[in-house]
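The report below describes selected local features of one structural model, beginning with a pocket and moving on to helices, loops and individual residues.

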Amino acid sequence: MKKLFGYRNIGLVFGLIGLLVLAAIITPSMLTVNALISMLRNNAVYVFLAVGMMIVLVTGGIDLSVGSILGLSGVVCTSLMSSHMEIPSVVWVLLSLVIGIICGAFNGFIVGYLKVVPMIATLGTMYIYRGFAFLLSGGNWWFPHQISESYQAWAAKSIAGVPAILWISAFVFIVAAWYLNYRTTGRRIYAIGTNVESAKVAGIKEARVRFLAFVICGALAGLSGMLYTANYAMCTYSNGDGYELQAIAICILGGVSITGGRGTVDGVLIGWLMMSVITQFISLLPGLSVWQKALQGAIIIAAVFLNIAMTRSAEKRVLKERGALL
C-alpha cells in the first residue's frame, strides 16, 4: 500500500479512474470495447507528439513546430504515394521519419548550437514548415480514393482486434520508457533539464543532448504525419494545426515539468488517456461541446493540482522516513 501511494503519478491515476467512473454513470455507451478502441484510435496521433514533446520539455526546452512537421510530413508522403502507388508502403513510413529527423535536426541546431531560445526558434520553424507544406501541396487535398489500402493499413489494419496505429503507439511508449530509463543518453536528457551546470561539470555536452532531444521529437512528429493521413485517409497542408498545444497539454496533465528535469513516459501515457476520455466524454454530452476547450482546461488545472498535492505528500512521507532512520 505504501508503494502504491508513493507512486509519483498516483494522483493522475485517481483522476483517470474518476473520469472513467463519471463516464460510466452518465454515458455508459462510451465504455464499450468498440467505443474505447475508437476513442483511442482517434487520439493515437497525439501519442507521438506528446512523447516527443516530453523529451524536449525534460531538457528545459519546448517545440512549437511539431504540428507543422506533422503537416509537412503528411503532405510529402501522401503526394508522392498518390503518384507512385506501386511503391511499398513501408517506404513512406521511412520517408516520414527522415522528414521529421531533418526538421528536428534543424530545430536542434538552432537551439543547441546557436543558443536561440527554444520557444522563439520553434515558433519561427513552425511557420517555415507550415509554409513548405502549403507550397508543396499547392493548396490541394487528398481523399480516400487517392490513398492506397496498403498505406491506410499502417493505421487501420486490425491486429487481434486492435488497430495497427495503437500497436505502434504502444511500441513507442515502451521504447521511449526503455531509452529514457536504461540508456546513458536518455539519462543525460534528465541531467541537462535538472541542472545544466552540474551536467556540464560531469562532462555532458549540453548542445549535443539538446540537439538529440529535438531530433527524436522531430522524428516522432514526422511519423505522426504519415500515420495521421493513413488513419483518416485524407490530407491537407493544415493537418496538425494547433496539435502542439494539445501535446503540451497532455504532457502537463501527465506531470511533466515545463521547467525541465521532471517527467515520465508512464505519466504521459496517463495524461494521454485522460485527455482522450475528456475529449470523448464532453463530445457525447449535449450542449457541452461548445464548452469543450474550457472544460478541458479546467480539468487539466484540477488534475495538475491533485498531482502536485499527491507528489508533495509522497515527498513528505519520504522525508519523515529518512528522519526516522536518522
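Which residues lie nearest the centre of the largest pocket, and by how many residues is this pocket lined? The lining is made up of 13 residues, and Phe-171, Val-172, Val-175, Ile-216 and Leu-220 are those that lie nearest the centre. Helix 4, helix 9 (164–182) and helix 12 are the elements that each give two or more residues to this lining, and helix 9 supplies the largest share, 6 residues. By class, the lining holds 13 nonpolar residues, no polar and no charged ones, where Ala, Val, Leu, Ile, Met, Phe, Trp, Tyr, Cys and Pro count as nonpolar, Asp, Glu, Lys and Arg as charged, and the others, Gly among them, as polar. The space in the largest pocket comes to about 320 Å³.

A pocket here is an open set of points on a 1 Å grid over the protein atoms alone, where a 1.4 Å probe fits, with protein on both sides within 12 Å along at least five of seven lines, and lining residues have an atom within 4 Å of a point. Grid points are joined across faces, edges and corners, and the volume is the space filled by probe spheres set on the points.

The model is predicted, so that local features need pLDDT of at least 70 and side-chain atom pairs count only at pLDDT 80 or more, whereas totals for chains, interfaces and linings use all residues. Residues are numbered from 1 along each chain as its sequence is written, and side-chain values use heavy atoms, with hydrogens and water left out.

**Helices**

Helices are DSSP runs (H or I, at least four residues) numbered from the N terminus, and the expected span of a helix is 1.5 Å times one less than its number of residues. The table sets the expected spans beside the distances between the end C-alpha atoms.

| Helix | Residues | Number of residues | End-to-end C-alpha distance | Expected span |
|---|---|---|---|---|
| Helix 5 | 66–83 | 18 residues | 26 Å | 26 Å |
| Helix 6 | 90–113 | 24 residues | 33 Å | 34 Å |

Helix 4 is mostly covered, with 14 of its 14 residues buried, and helix 5 is mostly covered too, with 15 of its 18 residues buried; buried means under 20% relative accessible area, exposed over 50%, and partly exposed in between (1.4 Å probe, protein chains only). Helix 4 is followed by Gly-60, whose phi is positive, near 95°.

Most residues other than glycine have a negative phi. Lys-115, although not a glycine, has a positive phi of about 60°; this residue follows helix 6 and is placed in the loop between helix 6 and helix 7 (118–137). Ala-233 is likewise not a glycine and has a positive phi of about 55°, in the loop between helix 12 (206–232) and helix 13 (243–253). Lys-115 is exposed, with a relative accessible area of 52%, while Ala-233 is buried, at 9%.

**Residues in contact across the chain**

Thr-125 lies in helix 7 and is buried, at 1% relative accessibility. Not counting residues up to four places away in sequence, Thr-125 touches Ser-65, Phe-106, Asn-107 and Ile-110, contact meaning heavy atoms within 4.5 Å. The side chains of Thr-125 and Asn-107 make a polar contact (2.9 Å), a term for a pair of N or O atoms within 3.5 Å, where within protein one must be able to donate a hydrogen and the other to accept it, and residues adjacent in sequence count only if both atoms are side-chain atoms.

Cys-235 lies in the loop between helix 12 and helix 13 and is buried, with 0% relative accessibility. The C-alpha atoms of Cys-235 and Gly-74 are 6.7 Å apart in space, although 161 residues separate the two in sequence. Leaving aside neighbours within four places in sequence, the contacts of Cys-235 include Val-75, Thr-78, Asn-140 and Trp-141.

Trp-141 is placed in the loop between helix 7 and helix 8 and is partly exposed, with a relative accessible area of 44%. Beyond four places in sequence, Trp-141 touches Gln-146, Met-234, Cys-235 and Thr-236, and the C-alpha atoms of Trp-141 and Tyr-237, 96 residues apart in sequence, are 7.8 Å apart in space.
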